[in-house]
Amino acid sequence: MSLAHTAAEYMLSDALLPDRKGPRLKGLRLELPLDRMVKFVAVGFPLLLVSLAFAQEFSSGSPISCFCPSNFSIRQAAYVDSSCWDSLVHHEQDESGQSKTKSLWPHKALPYSLLALAVAMYLPVLLWQYAAVPALSSDLLFIISELDKSYNRAIRLVQHMLKIRQESSDTDVFWDELEKARKERYFEFPLLERYLACKQRSHSLVATYLLRNALLLLFTSATYLYLGHFHLDVFFQEEFSCSIKTGLLHDETHIPDLITCRLTSLSVFQIVSLASVAIYTLLVPVILYNLTRLCRWDKRLLSIYEMLPAFDLLSRKMLGCPINDLNVILLFLRANISELVSFSWLSVLCALKDTATQKHNIDTVVDFMTLLAGLEPSKPKHLTHGMCDENP
């Protein structure tokens with residue numbers, strides 16, 4: 001065995017990817033980074049505000065402070081605070097002198113509305129977890145495994161070609177068989193490409209992804225409507241007139257008709273309202289950007305894997321409308337690029353391919369590894385010229 005063949009075998013052995021052992025599902029990212037960020041903010045922010053509201057209540061005591069008459073005892077004053085907070089109704093007179101009431105219930109419902117908002121924002125996450133993640137995880141595991149296996153098959157094919165070339169006594173016969181195999185597409189493994197082509201006709205994943213983001217936009221719009229309709233009406237009202245002359249106290253003459261009360265938690269109410277509007281306004285462009293990514297293909301990822309045999313979705317122009325399951329899978333392949341061991345090798349080969357295509361016909365990793373293994377210089381001249389004529 002010559003030194004050149006030994007070096008070529010070592011180079012090809014090093015290019016082989018090691019077998020991955022153990023469960024690979026734990027390492028998969030089944031949520032895109034921006035989707036994960038939206039989930040944490042949309043769900044976690046209301047919970048943070050709930051803790052802020054409860055912390056303010058525990059630190060300052062009663063959320064209202066009523067100005068009772070001086071002849072009221074401490075227990076009577078505490079009863080007034082409790083009664084006015086339970087009713088939370090503002091009594092006033094209009095321009096014609098008629099009395100009217102205005103409910104201030106958004107102050108009392110603030111923690112519960114925030115909890116309801118957090119639950120509503122978590123519903124799209126549950127939809128994705130139960131409707132899309134099982135199918136997506138199996139698709140990713142199969143595709144990642146096949147991409148790495150296709151790369152290894154190409155390297156092993158070059159190893160076999162190197163062995164046959166070394167054992168062959170007639171180099172012309174070897175190269176004739178090799179060129180025939182290339183023309184007949186013997187080196188291709190079309191299972192993965194056909195599987196990805198089938199995913200272009202499937203729309204279950206993309207429908208779930210669109211529904212998830214549409215629900216987020218819907219709940220965000222409902223939050224705006226709730227804050228604008230209910231919170232804005234009581235946003236600046238710090239004092240209100242409360243009536244406790246109900247039930248057994250209705251005929252008591254020493255009790256005033258109205259007692260003025262002040263909302264001590266108004267500042268927290270205002271901060272929560274403004275912060276909610278600001279945060280969810282910032283989330284809307286992120287959600288819209290997530291949707292726009294479905295309108296274009298990640299051709300850079302596809303172009304790198306064009307180096308694999310039978311993976312020519314781009315060169316055959318097999319890509320149509322990008323709104324399908326294949327585009328969603330490509331987005332998650334990009335997010336799980338660390339699980340694609342073959343990606344780094346193919347990226348290097350693609351970078352080196354541009355510097356070598358001026359002299360050699362390189363279409364796949366088989367062609368490039370044939371060149372690196374030293375088989376290309378031994379090609380007969382009539383085959384070399386024929387290849388150059390076919391690819392000027």
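**Entry 1: the chain overall**

Of the contacts in the chain with a separation of 6 or more, what percentage comes from residues 24 or more positions apart? I found 80%, with contact meaning heavy atoms within 4.5 Å.

Before going on, I noted that this is a predicted model, in which local features need pLDDT of at least 70, side-chain atom pairs count only at pLDDT 80 or more, and totals for chains, interfaces and linings use all residues. I also noted that residues are numbered from 1 along each chain as its sequence is written, and that side-chain values use heavy atoms, with hydrogens and water left out.

I counted 15 helices and five strands in the chain; helices (H or I, at least four residues) and strands (E, at least two) are DSSP runs, numbered from the N terminus. Of the 392 residues, 44% are buried. Here buried means under 20% relative accessible area, exposed over 50%, and partly exposed in between, with a 1.4 Å probe and protein chains only.

**Entry 2: the sheet**

In what order do the strands of the open sheet run? I read β1-β5-β4, three strands with antiparallel pairing. Two strands pair if DSSP finds at least two bridges between them. The edge strands are β1 and β4, each pairing on one side only. From one strand to the next, the twist averages 30°.

I then went through the pairs. β1 and β5 are antiparallel over three bridges, and C66 has C261 as its bridge partner in β5. Strand β4 (residues 239-242) is joined to β5 by four bridges, also antiparallel, with S241 opposite T260.

Which residues of β5 (residues 259-263) are on its covered face? I listed I259, C261 and L263 there, while T260 and R262 are on the uncovered face. A reminder to myself: side chains in a regular strand alternate between the two faces of the sheet.

Helix α3 lies across β1, β4 and β5, and runs at about 125° to β1. For such angles, axes are lines fitted to C-alpha atoms, for helices over the stretch in contact, and the angles run from 0 to 180 degrees between N-to-C directions.

**Entry 3: around the sheet**

UniProt positions are given in the numbering used here, feature names are shortened, and annotations may be inferred rather than shown by experiment. N71 sits in the loop between β1 (64-66) and α3 (74-87). Is N71 buried or exposed? N71 counts as exposed because its relative accessible area is 53%.

S265 is in another loop, between β5 and α10 (266-292). At 10% relative accessibility, S265 is buried. Setting aside neighbours within four places in sequence, I found S265 in contact with Q56 and P63.

**Entry 4: the annotated spans**

The unreviewed UniProt entry gives "transmembrane region" for residues 37-55, 109-128, 209-227 and 268-291. I checked two of these spans. Residues 37-55 are 100% helix and 0% strand, with end C-alpha atoms 26 Å apart. Residues 109-128 are 95% helix and 0% strand, and their end C-alpha atoms lie 30 Å apart.

A118 lies in helix α5 (residues 110-131) and is buried, at 5% relative accessible area. Which residues does A118 touch, leaving aside its neighbours within four places in sequence? I noted V43, P46 and L47. A118 and K39 are 79 residues apart in sequence, with their C-alpha atoms 9.9 Å apart in space.

R212 is in helix α9 and counts as buried, with 2% relative accessibility. Beyond neighbours within four places in sequence, R212 is in contact with E31, D35, K39, P124, V125, L127 and W128.

**Entry 5: α9 against α12**

How do the axes of α9 (residues 204-231) and α12 (residues 325-335) cross? They come within 6 Å and cross at roughly 70°, which means that α9 is roughly perpendicular to α12. Angles under 35 degrees count as roughly parallel, over 145 as roughly antiparallel, 65 to 115 as roughly perpendicular and the rest as oblique.

S204, L205 and V206 of α9 meet D325, V328 and I329 of α12. I sorted the residues of this contact into four nonpolar, one polar and one charged. Nonpolar covers Ala, Val, Leu, Ile, Met, Phe, Trp, Tyr, Cys and Pro; charged covers Asp, Glu, Lys and Arg; the others, Gly among them, are polar.
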